[in-house]
Amino acid sequence: MTSTSSAARPRPAANRPPRRKRGEGQWALGYREPLNKNEQAKKDDDPLNVRARIENIYAHRGFDSIDPSDLRGRFRWWGLYTQRKPGMSGEHTSILDTEELEDSYFMLRVRIDGGQLTVAQLRTIADISTTYARDSADVTDRQNIQLHWIRIEDMPTIWERLEAVGLQTQEACGDCPRVIIGSPVAGVAADEIIDPTPAIHEIATSYIGSKEFSNLPRKYKTALTGHPSQDVAPETNDIAFVGVVHPDHGPGFDLWVGGGLSTNPMLTQRLGTWIPLDEVAEAWWGVTSIFRDYGYRRLRHRARLKFLVADWGAEKFRDVLENEYLKRKLVDGPAPEPPAVPGDHIGVHRQKDGRYYVGVAPVAGRVSGSQLGKFADIAAAHGSDRIRTTPLQKLLVLDVEEDQVEHLVGALADIGLQARPSGWRRHTMACTGIEYCKLAIVETKARAAALIDELERRIPELDVPITVNLNGCPNSCARIQVADIGLKGQSVLDNAGQQVEGFQVHLGGGLGLDAGFGRKLRRHKVTADELPDYVERVVRHYLDQREQGERFAQWVTRAPEEALT
């Protein structure tokens with residue numbers, strides 16, 4: 001008989017010590033070693049340092065000289081992504097590595113904090129577009145302007161020209177604080193609760209480009225608004241400051257954290273605090289520091305702040321913010337009143353100083369450098385030096401005298417930018433799509449333009465806002481889960497059983513009063529060619545079945561499935 005030592009015998013389950021939970025890569029808990037290739041690359045060299053290599057090496061030796069870890073990683077900290085090689089279909093997205101899809105040209109994201117531009121700045125962007133980017137330009141739903149067809153050889157000159165007028169591309173992408181979106185009517189709207197502009201400038205000046213926050217677990221999105229229409233999609237950001245009036249302390253901001261969409265959508269959670277204007281930057285620093293120190297770094301797909309907030313809850317998050325970072329208690333505060341429809345500022349609106357601002361709608365954010373140059377010239381000719389981009393892919397001119405308004409509106413219409421657009425043009429957004437994006441599966445910009453044309457012809461009588469958001473892949477850059485009609489690009493089978501471009505449908509999502517994610521119909525998808533017929537059918541069902549004052553999102557929650565397919 002063979003004996004077995006007690007050390008070799010397995011312990012009964014009840015007597016085993018609890019297994020240690022696997023770390024999530026949180027620095028504050030001691031997990032500082034790189035846990036994936038992204039963390040290793042950031043540890044090897046701070047991504048902000050790559051600009052020197054671009055200027056001194058890559059711009060002289062060309063695309064083929066670029067180190068892969070710079071090209072597909074650190075370049076993002078300076079607003080650069082390789083764009084998709086022409087001729088690569090949606091089928092290629094799923095079967096090829098992104099390296100095989102990339103072209104030797106770049107998308108360049110120009111950072112516009114708060115969406116605030118001068119005429120000189122917009123003219124510079126326009127001229128860079130026509131000179132170096134084949135006249136390409138898109139106004140994004142992050143208030144940036146994106147250019148395409150950029151060569152690495154031209155980047156030193158492009159930076160020199162942008163920075164000469166106070167613009168930059170620093171941290172426009174990457175695992176860092178990206179562009180700070182702000183109310184495009186900050187400081188001018190007659191009904192504004194509070195102007196967040198000083199806080200936007202303080203955050204941008206103090207922290208953008210600082211190595212204190214150049215290595216976050218993943219991207220980090222900030223939004224500030226003091227407008228009652230909550231015009232910055234605050235529910236979808238990592239951190240948002242939303243204007244509210246405290247009964248004792250007056251106007252300030254409600255602090256929300258943990259929003260984000262993509263494949264695991266979550267809306268922000270209120271921390272229940274009231275933040276005065278002069279403490280916004282400090283509160284932003286505290287929340288951002290928590291993300292840096294406690295954010296999950298082990299698994300890339302769980303590295304957004306929303307996962308930490310979901311696991312901790314708002315109460316614990318506030319406790320850590322107050323006790324570990326700010327070292328003081330925050331003031332409790334009321335929740336802002338949610339708007340029925342988040343503001344887009346299209347049309348003609350009176351400012352608090354008696355002048356007017358005018359908002360116009362490009363088609364799904366697609367413009368051109370030539371068009372932007374003409375836009376700047378028209379604004380200047382009508383006495384304005386202030387232009388705004390919006391988080392809904394729109395453009396605004398501020399400070400227009402009353403006797404100049406109609407002439408300005410007409411001049412902008414002449415270059416294809418309408419201040420009185422149809423509801424379909426006004427409320428349709430689209431991401432970059434397969435034209436340039438390596439992650440995309442379907443075309444979006446041209447598809448959106450064609451859809452708008454069809455719906456304007458078929459349902460010109462639409463009398464309520466219905467948002468239509470098209471995305472080329474599951475990542476939701478166009479915020480599909482919070483649209484009335486959200487369309488997620490994917491390959492689908494047509495009636496002949498062939499794989500074609502199409503969309504998974506989400507219905508009834510929204511922000512503000514209807515904040516929530518759209519209803520995803522089980523197994524229901526539409527081909528791209530069927531899209532106009534499908535949208536028309538669903539909208540006509542809504543128009544026929546709605547009750548008095550019922551919004552589209554409300555109708556979707558009670559509509560039978562046959563009315564939605």
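I took buried to mean under 20% relative accessible area, exposed over 50%, and partly exposed in between. The model I worked from is predicted.

**Entry: Arg-355 and Asp-399**

I looked up Asp-399 and got 7% relative accessibility, so Asp-399 counts as buried. Its salt-bridge partner is Arg-355, with the closest N and O atoms 3.5 Å apart. This pair links distant parts of the chain, 44 residues apart. Arg-355 sits in the loop between strand S12 (347–350) and strand S13 (356–360), and Asp-399 in strand S16 (residues 395–400). At 26%, Arg-355 counts as partly exposed.

**Entry: salt bridges around Glu-39**

I found 46 salt bridges in the structure. I then checked Glu-39, which pairs with Lys-42 at 2.9 Å between the closest N and O atoms. Both lie in helix H1 (residues 37–44), 3 residues apart, about one turn of the helix. Glu-39 is buried at 6%, and Lys-42 is buried at 5%.

Glu-39 also meets Arg-297 in a salt bridge, 2.9 Å from N to O. Arg-297 lies in the loop between helix H9 (280–294) and helix H10 (305–312), so the pair ties together parts that are 258 residues apart in sequence. Arg-297 is buried too, at 2%.

**Entry: nonpolar cores**

I turned to the largest nonpolar core, which has 56 residues. Phe-75 and Phe-375 touch the most other members. Helix H6 (residues 119–132) gives the most to this core, with 6 residues. I listed contacts of Phe-75 beyond four places in sequence; among them are Val-50, Ile-54, Tyr-58, Phe-106 and Ile-152. A second, separate core has 40 residues, including Tyr-207 and Trp-312.

Technical notes
Residues are numbered from 1 along each chain as its sequence is written. This is a predicted model: local features need pLDDT of at least 70, side-chain atom pairs count only at pLDDT 80 or more; totals for chains, interfaces and linings use all residues. Side-chain values use heavy atoms; hydrogens and water are left out. A nonpolar core is a set of buried Ala, Val, Leu, Ile, Met, Phe, Trp, Tyr and Cys residues joined through side-chain atoms within 4.5 Å. Buried means under 20% relative accessible area, exposed over 50%, partly exposed in between (1.4 Å probe, protein chains only). Helices (H or I, at least four residues) and strands (E, at least two) are DSSP runs, numbered from the N terminus. Contact means heavy atoms within 4.5 Å. A salt bridge is a side-chain nitrogen of Lys or Arg within 4 Å of a carboxyl oxygen of Asp or Glu.
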